[in-house]
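Please look over the chain shown here, with attention to its helices, its strands and the loops between them.

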Amino acid sequence: KEEVKEEVKEEAKEEVAVVEEKEAEESAEKEMFAQLDDDGDGVLTINEIEAGAEKLGMGAEEARALFAKLDTNGNGEVDLQEFLAAKDDDSWLFEDKDDKESAKSEVFHKLDLDGNGVLTLDELQTGAAHLGLSVEEATELFATLDKNGNGEIDLKEFLKAKDHMFPPNPKKAGDLETPDGFSLLQSELGTYLAMNFESHKAGGLPVRCMHLDPDGIPVKGMLWKMTSEGALVNKATGMVMQIENESKARKIRVCCEERNRKVRAQLWRYTKFHTIVSGANGYVLTVRNGSKRDRAEVWTNIRVPIRGITTAQRWHFVPYDGDPKYPTYPVAEEHKALLERAMLT
């Protein structure tokens, strides 16, 4: 009976949180509209959208594309109703087929060292690091793509490769560099990203946002490093952060798992807007509901184009070279041995 009561309480809390989140979103969307409406006439022009591009967390070209989506009646203006109607439209986040084929074609020509229009096993192995693969993985990929077994891969065969076969370096022009060493990863809410040694129903170890203790010393699991290929490595265990699945759905929780270069859910980008974007679904790392409470959940959520980037979606790498301490929260029994090993590193 007590367990049932606790479940009912948790469900009630979830329902309240959903209502509060929706109310906060609508308020933020209306506030963003007002900020963009420079002349206060109740409508947005293309110039006002472009001028506010940075507030929206996008470049000028993205802003123009967004305006075209928002201006549904084609009158050259966007009113509040059109603006609010875009809150559930996240199609602008994702690359279309032509973009992906163009990117793959570019990779193919970089790998084609002698420029003869086909890739040999040697060329693919030489370019393995560019693809985020080991030499052994590149060899397996070559065998998979060489459908006719002639010892060469042409562009047509290469374009048929599924995305997970060779996870690309997720970096794009303008992305920010991250520190070489391990750092604290602070949200603009004032809390810090942490791998927790708590129970996690979905497997792996959960990722939460935590406050530093009054002594300012982080606990094990709070130090991270982003590799050149886009993996966020946790110093305590060597595990990497990933979304729990590769769904295109929003609000997918993140956790820590062993590194697997074939899993796109483990790839991230650190953008010029200080957002951390998933290479699997295009959503941004977000503190759930913008909560400042200790051990708040973290998930990937839509970067709403009409609301801009929130403080729950901005992150900063803060270098730290001290020794983290033993966690001050309750550690799950099944993770105590792992934590003890981590304390020795």
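## Basis and overview

This is a predicted model, in which local features need pLDDT of at least 70 and side-chain atom pairs count only at pLDDT 80 or more, while totals for chains, interfaces and linings use all residues. Residues are numbered from 1 along each chain as its sequence is written, and side-chain values use heavy atoms, with hydrogens and water left out.

The chain has nine helices and 16 strands, where helices (H or I, at least four residues) and strands (E, at least two) are DSSP runs numbered from the N terminus. Of the 345 residues in the chain, 45% are buried; here buried means under 20% relative accessible area, exposed means over 50%, and partly exposed lies in between, with a 1.4 Å probe and protein chains only. Among the contacts in the chain with a separation of 6 or more, 61% are between residues 24 or more positions apart, a contact being heavy atoms within 4.5 Å.

Helix H3 (residues 60-70) has Ala63, Leu66, Phe67 and Leu70 as its buried residues. Seen down the axis of H3, these buried residues fall within an arc of 105°, so they line one face of the helix; the arc is that of the directions from the helix axis to the C-beta atoms. An α-helix has 3.6 residues a turn, so residues three or four places apart point the same way. The other side of H3 carries Glu61 and Ala68, which are exposed, whereas the buried residues of H3 pack against strand S1 (43-44), helix H2 (46-51), strand S2 (78-79) and helix H4 (80-85).

In helix H7 (residues 135-145), the buried residues are Glu137, Ala138, Leu141, Phe142 and Leu145. Their arc, seen down the axis of H7, is within 145°, so they line one face of the helix. Exposed Glu136 and Ala143 sit on the face of H7 turned away from its buried side, and the cover over the buried residues of H7 includes strand S3 (118-119), helix H6 (121-126), strand S4 (153-154) and helix H8 (155-159).

Strands S6 and S7 run antiparallel and are joined by four bridges; two strands pair if DSSP finds at least two bridges between them. Within this pairing, alanine 194 has arginine 208 of S7 as its bridge partner. In a regular strand the side chains alternate between the two faces of the sheet. From S6, Tyr192 and Ala194 point one way and Leu193 and Met195 the other, and all are buried.

Glutamate 198 is found in the loop between strand S6 (192-195) and strand S7 (205-210), and glutamate 198 is buried, with a relative accessible area of 12%. Leaving aside neighbours within four places in sequence, glutamate 198 is in contact with Pro206, Arg208, Arg295, Tyr329, Pro330, Ala332 and His335.

## The loop between S14 and S15

Serine 291 has its place in the loop between strand S14 (284-287) and strand S15 (296-301) and counts as buried at 17% relative accessibility. Apart from neighbours within four places in sequence, serine 291 is in contact with Leu189 and Ala296. Serine 291 and cysteine 209 are 82 residues apart in sequence and 8.9 Å apart in space, C-alpha to C-alpha.

Asparagine 289 is also placed in the loop between S14 and S15; although not a glycine, asparagine 289 has a positive phi of about 60°, and asparagine 289 is partly exposed, with a relative accessible area of 37%. Arginine 295, found in the loop between S14 and S15, likewise has a positive phi of about 60° although it is not a glycine, and arginine 295 is partly exposed at a relative accessible area of 26%.

## A buried asparagine

Asparagine 234 lies in strand S9 (residues 232-234) and counts as buried at 0% relative accessibility. Beyond its neighbours within four places in sequence, asparagine 234 is in contact with Phe182, Met195, Gly221, Met222, Leu223, Trp224 and Met239.
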